Amino acid sequence: MDLTAGSNVPLISMALNENPSGHSPTLLASISNQAADLSRYPDGDCYALKQTISQKFGVVTSQIAVGNGTDDLLDLAARSHLSPNRSALFCRFGFTAYRKVTELAGARCIKIPENGWETDLNKIANSVAADTSVIFLSNPSNPAPGYFTEASFVAFLNQVPSSVLIVLDEAYVEFVEPHRRIKSIAIARDRPNLLVLRTFSKAYGLAGLRLGFGVGSEATIRKINAIRQPFSIGTVSQLAGIAALNDDRFIEDTRARNRDGMDQLVGGLGGLGYEVIRSCANFILLQSHQADKIQKFLATRGIAVRSLASYGLPDALRITVGLELQNSALLNHLAEARRLESQ
Ligand SMILES: *Cc1c(COP(=O)(O)O)cnc(C)c1O
């Protein structure tokens, strides 16, 4: 594929919160060394991958489900816990998949406005209806750049009836400094109504692979596995997941690179007079009445950023933190746009 063919083809993607550093450098060698026989069906139980997750996160394999991306696990959680006479609660600016999987399960969506950009846990707990079966939360959240603490989350868990499944989507947790993280997997070990979801698509840099996992009670995991396609996780994905989990160094480097890149973007955009909001994940929000114009301008310069108009946020762009040179390129183009504006 010739990426330089059209002048409007984005060359730098800062739109989908992927890892611009790629994935663990040892991953492909590790997979090919395993000499996977692709003429055979994959292990439907993901035994070796679950063993790795079990040892790394301190949870028994009967409390682990593996999905074809976290989107798959969201869908499985919805279809196993929701039906046409039930409802699911989530944030107004929550991840779009929550609405989609709720609607696909035929259930009713109840959207709770954020408090500023923060997930309003109190309002969510107080909005649980008689027919509510699931609450979807992401922390760090996306695209709203919110983050809640362990203390507020535990208080929330104590407020919500145990009949409601709480799905805590931690797609971006690896970007959070370790001391600020919720001990979510430890909590899920003994909270029957908590399901924690993780993905390999963001910090692990494997969005193209489609792999995620969930930790919950044995009963929840059984319900999810009961409706899962038996061979939904390919052999290559299972091997890659193991290799990725064995490279802590890559994740630490990614977190450090992301932190520096976020400082660079926030500082640079602030210096140009833009209103920017940090997240605890790998993106920032740029707030401007010119959001649409800025996005189109950047596209002509080969940089893709995410419009949030479809989320009902026409005045915001979500920009994934890139590599240093990518961030500089974006800042240089926007500095030029500022000069053109003021002429
Ligand atoms: C990216 C993302 C996911 C991950 O989805 P995959 O299907 O694993 O790629 C899940 N939740 C949120 C909030 C995300 O931003």
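Tutor: One definition is needed at the outset: angles under 35 degrees count as roughly parallel, over 145 as roughly antiparallel, 65 to 115 as roughly perpendicular and the rest as oblique. This is a predicted model, in which local features need pLDDT of at least 70 and side-chain atom pairs count only at pLDDT 80 or more, whereas totals for chains, interfaces and linings use all residues. Residues are numbered from 1 along each chain as its sequence is written, and side-chain values use heavy atoms, with hydrogens and water left out.

Student: How are helix 11 and helix 12 oriented to each other?
Tutor: Helices here are DSSP runs (H or I, at least four residues) and strands likewise (E, at least two), numbered from the N terminus. Axes are lines fitted to C-alpha atoms, for helices over the stretch in contact, with angles running from 0 to 180 degrees between N-to-C directions. The axes of helix 11 (residues 291-300) and helix 12 (residues 324-341) come within 11 Å and cross at roughly 120°. Helix 11 and helix 12 are therefore oblique.

Student: Which residues of helix 12 does helix 11 meet?
Tutor: Contact means heavy atoms within 4.5 Å. From helix 11, I294, F297 and L298 take part, and they meet L330, H333, L334 and A337 in helix 12.

Student: How many nonpolar residues are in that contact of helix 11 with helix 12?
Tutor: Ala, Val, Leu, Ile, Met, Phe, Trp, Tyr, Cys and Pro count as nonpolar, Asp, Glu, Lys and Arg as charged, and the others, Gly among them, as polar. In the contact of helix 11 with helix 12, no residue is charged and 1 is polar, while the nonpolar residues number 6.

Student: Why is helix 3 described as oblique to helix 4?
Tutor: The axes of helix 3 (residues 70-81) and helix 4 (residues 96-104) come within 9 Å, and their crossing angle is roughly 40°. That angle makes helix 3, relative to helix 4, oblique.

Student: How many charged residues does the contact of helix 3 with helix 4 have?
Tutor: D71, L74, D75 and A78 in helix 3 meet A97, Y98, V101 and L104 in helix 4. By class, the contact of helix 3 with helix 4 has 6 nonpolar residues and no polar ones, and its charged residues number 2.

Student: How many residues of helix 9 are buried?
Tutor: Buried means under 20% relative accessible area, exposed over 50%, and partly exposed in between (1.4 Å probe, protein chains only). What covers the buried residues of helix 9 includes helix 1 (27-33), helix 2 (47-57) and helix 10 (248-271). Helix 9 (residues 235-245) is mostly covered, its buried residues being 9 of 11.

Student: Is C46 buried or exposed?
Tutor: C46 lies in the loop between helix 1 and helix 2, and its phi is near 50°, a positive value in a residue other than glycine. With a relative accessible area of 1%, C46 is buried.

Student: What is the relative accessible area of R210?
Tutor: R210 is found in the loop between strand 7 (194-199) and strand 8 (212-215), and its phi, near 70°, is a positive value in a residue other than glycine. R210 is partly exposed, with a relative accessible area of 29%.

Student: Which residue does a cis peptide bond join to N139?
Tutor: The loop between strand 5 (132-138) and helix 6 (150-159) holds P140. The cis peptide bond in question has an omega of about -5°, and the residue that it joins to N139 is P140.
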